[in-house]
Amino acid sequence: MSDTHSESVGFVRKTFIEPAPPPAREAGAVKWLRENLFSGVVNSALTILSIIFIVWIAVSVYPWFANAAYGTSSLAECREVLEGVNAACFSVLQERGNQMLFGIAYPSEQYWRPLLAFVLLFVCAVPVLFSQYVPRQTLIGTALYPFFAYWLIWGGTLWLSIAILGLLIAAYFVPKVIAGLPDGARSGLGLVVGGATGLLLAYWLAVGGLNLWGLASGFAEGGGTGGMIGAVLFYAMAAFVAVTFIPMGIFTAYAVWQSAERGLLLSTVTTIAFLFVALNFVAGPLAGVLNGIVPIELEAVASRDLGGFMLNMILGTVCVSLSIPLGILLALGRQSSLPFIKGVCVVFIEFIRGVPLITLLFVANVVLAYFFPPESNIDLVLRVIIMITMFAAAYIAEVIRGGLAALPRGQYEAADSLGLDYGQATRLIILPQALKISIPGIVNVAVGLFKDTTLVSVISMFDLVGAIRGPILGSADWAGIYWEAFGFAALLFFVVCYGISQYSQWLERELATDHR
């Protein structure tokens with residue numbers, strides 16, 4: 001049959017034709033340009049206008065960079081060197097770069113310590129950020145990093161960090177010990193812990209009320225419209241505290257005592273009380289004894305000497321790390337069926353979201369100190385971290401609440417059908433999906449929070465922006481040099497924020513399982 005067919009046609013090809021490459025306009029860069037930049041008349045016009053604008057910017061700015069002056073000790077010397085040419089004076093970065101990065105008072109011979117802490121931050125963050133590619137055992141290094149970084153940056157004895165770590169580990173076992181107590185002992189413990197907590201809370205509020213009353217009297221003596229407004233405001237705050245301090249103490253004591261049988265509130269309050277006593281009265285003396293036996297210490301640096309971009313990194317990293325778990329708890333608490341827990345979470349979230357961050361920083365700097373005894377000295381950096389963490393946690397809680405609301409009801413029903421309790425269902429089924437949905441919103445809050453750390457300059461903390469606006473621009477040598485200094489600050493913030501954004505996009509692609 002085949003022979004007959006071959007004889008009936010003029011030509012039969014007996015070899016395959018090699019595949020030809022696609023046309024040039026359908027492959028490579030030409031295809032990408034045609035589809036993305038020149039896909040139509042309007043897009044082509046916009047692309048050409050954009051290219052013209054970018055070239056115009058580059059041509060205009062390039063001489064400013066190319067003719068820049070280096071190695072001078074003041075802006076006046078820069079102008080002499082430039083001889084009237086409009087160019088940058090990057091000498092300010094050489095002269096004051098360390099102040100921008102580490103602050104104006106951090107010892108220059110100790111710069112290696114925050115630099116080492118910064119490098120270790122990336123190393124120890126890898127097990128958390130890329131957990132699917134790193135063994136879980138490396139999380140031990142991540143857990144130890146905060147204590148080691150604290151010792152590196154603030155200095156002092158290493159035994160203080162070790163003592164705090166040991167006491168935190170001991171606090172983990174407090175609820176387990178309480179759960180093993182007989183009913184009578186647990187009830188007695190609830191009475192003691194509840195009474196002590198109520199008295200401490202009442203004392204704390206009483207001190208705050210008296211301090212606020214004294215502050216209001218100072219405003220009243222100052223006179224003027226502002227003084228009268230301040231006096232009325234602080235008299236009202238003092239009256240509110242005075243009215244609530246005794247009922248709050250009695251209610252707390254009674255609630256802890258009555259919950260002794262269930263153990264949840266008793267365990268929480270006892271653990272907090274244990275940490276309060278241990279960290280305030282045990283950690284310091286214990287570290288002193290251990291350091292006397294085996295001294296391991298660095299030169300101590302006070303918190304007021306921290307500054308520059310290092311302060312922005314500390315506040316951003318610590319506050320974001322703490323605000324995410326606190327935000328998760330607030331989001332879960334807002335959806336709780338228990339009216340008291342739900343009410344507390346709702347009031348906290350709505351109150352914090354209704355107050356600007358700059359007001360909370362003012363409270364951390366001025367008002368919060370009036371709620372502590374006169375001899376107490378709460379570190380300003382710690383107070384700022386507390387306020388920024390509360391602020392970010394309220395917003396993250398709302399983002400996660402949106403993720404929880406987006407889950408279909410079937411996910412909750414599936415968890416119930418498997419016989420999981422509330423904790424297991426939340427940890428294994430609900431939260432992983434809600435957090436995956438909430439990634440863009442959480443990253444949005446984190447980026448905004450990192451940029452908001454520059455607001456601490458309004459309470460006289462010399463972060464990167466504060467150092468530029470204060471000691472650098474305020475000096476006679478560098479007064480008037482704005483573009484170089486603030487451009488450097490913008491570059492640092494852009495690198496960090498862009499890195500966070502790129503990581504979140506990568507994480508979304510990794511978690512894109514299409515199970516929503």
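**Salt bridges and a nonpolar patch**

Modeller: This is a predicted model, in which local features need pLDDT of at least 70 and side-chain atom pairs count only at pLDDT 80 or more, while totals for chains, interfaces and linings use all residues. Residues are numbered from 1 along each chain as its sequence is written, and side-chain values use heavy atoms, without hydrogens and water.

Colleague: Which helix gives the largest share of the nonpolar patch?

Modeller: Such a patch joins nonpolar side chains (Val, Leu, Ile, Met, Phe, Trp, Tyr) within 5 Å, from residues with over 30% relative accessible area and no salt bridge. The patch covers about 1,200 Å² and includes Trp-32, Phe-38 and Val-59. Helices are DSSP runs (H or I, at least four residues) numbered from the N terminus. The largest share, nine residues, comes from helix 3.

Colleague: Is Arg-334, a partner of Glu-350 in a salt bridge, buried or exposed?

Modeller: A salt bridge places a side-chain nitrogen of Lys or Arg within 4 Å of a carboxyl oxygen of Asp or Glu; for Glu-350 and Arg-334 the closest N and O atoms are 3.1 Å apart. Buried means under 20% relative accessible area, exposed over 50%, and partly exposed in between (1.4 Å probe, protein chains only). Because its relative accessible area is 15%, Arg-334 is buried.

Colleague: How far apart along helix 14 are Arg-353 and Glu-350?

Modeller: These two side chains also form a salt bridge, with closest N and O atoms 3.8 Å apart. Because they lie three residues apart in helix 14, the separation is about one helical turn.

Conventions: Patch = residues over 30% accessible without salt bridge, like charges linked within 9 Å, V, L, I, M, F, W, Y side chains within 5 Å. Areas by Shrake-Rupley, 256 points an atom, 1.4 Å probe, with all protein chains shown as cover. Helix = DSSP H or I, 4+ residues; strand = E, 2+ residues; numbered from the N terminus.
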